[in-house]
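Keep the view open as you read.

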Amino acid sequence: MAMTTPQPLTAMPQAAMPKTASQLDARLELPENVMISRLDELANWCRKNSLWPMPFATACCGIELMATGAAKHDLARFGAEVFRFSPRQCDLMIVAGRVVMKMLPVLQRIWLQMSEPKWCISMGACASTGGVFDTYAVVQGIDRFIPVDMYVPGCPPRPEQLIQAIIDLQDKIQVEGTITGREFDTAARQLRKRALTESGDPLTLDASRNPVVQRQLAAERNATTAATR
Ligand code: SF4
């Protein structure tokens, strides 16, 4: 079959520019089994299909979490079945059940020990809002203290709901992810957590992964230093 000479991309009119990776491959007439992609997309594809969950199951929702990983629902179909109890090996925190104030430092410590990039699913009404436990002893939503990417409603949610949340999270990782983690450096994600702001002591904030918060704290410190001179 006669080979045509590939046309330089810079010489193409805008309308003729390839829109997808497969169109680009066809345009460049790449050999079989060779494809072109962006490094971000490749990293996202790897990350989304190899999520390692860290189960933080404190109550009845934890039973549904276990069922999700068991044979019937088979979370392995989505590449997310490798539950680990070592936070340094995990990149997906699943909080299933109510979290009491005494347990909160443990949750935060485990979250901090997980390596970047990492994501969090809040499973069930209790983890997301405190559920029916509207008391001072129960955290009224874990997103007051750690960033949450997906909320799963229900009391308890069914395994299918958790699987849907994982699929949605995979879509989010594929669309928004970057190899440098720029997607985490957004004001919306890094806003000071509400309860910590209400506490009136911003220095207790976990600023380790919050460049926005770090900048705010540095500005406040500089302003205080300038005012006391
Ligand atoms: S949301 Fe319902 S099922 Fe889940 S931990 Fe709370 S009370 Fe239990």
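**A strand on the inside**

Because five of the five residues of strand β2 (residues 92–96) are buried, β2 is largely enclosed by the rest of the structure. Buried here means that 20 or more other C-beta atoms, placed from the backbone, lie within 10 Å of the residue's own; strands (E, at least two residues) and helices (H or I, at least four) are DSSP runs numbered from the N terminus. This is a predicted model, in which local features need pLDDT of at least 70 and side-chain atom pairs count only at pLDDT 80 or more, while totals for chains, interfaces and linings use all residues. Residues are numbered from 1 along each chain as its sequence is written.

In a regular strand the side chains alternate between the two faces of the sheet. In β2, L92, I94 and A96 point one way, M93 and V95 point the other way, and all are buried.

Now look to either side. Strand β1 (residues 53–57) runs parallel to β2, joined by five bridges, with A57 partnered by A96; strands pair if DSSP finds at least two bridges between them. Strand β3 (residues 119–123) is also parallel to β2, again through five bridges, and its W119 stands opposite L92.

Finally, turn to the ligand. Around the ligand sit A59, C60, C61, G97, R98, G124, A125, C126, G131, C155 and P156, where near means a C-beta atom, placed from the backbone, within 6 Å. Helix α5 (residues 124–129) gives the most to this shell, with three residues.

Key: A residue is buried if 20 or more other C-beta atoms lie within 10 Å of its own, exposed if 12 or fewer, and partly exposed in between; C-beta atoms are placed from the backbone.
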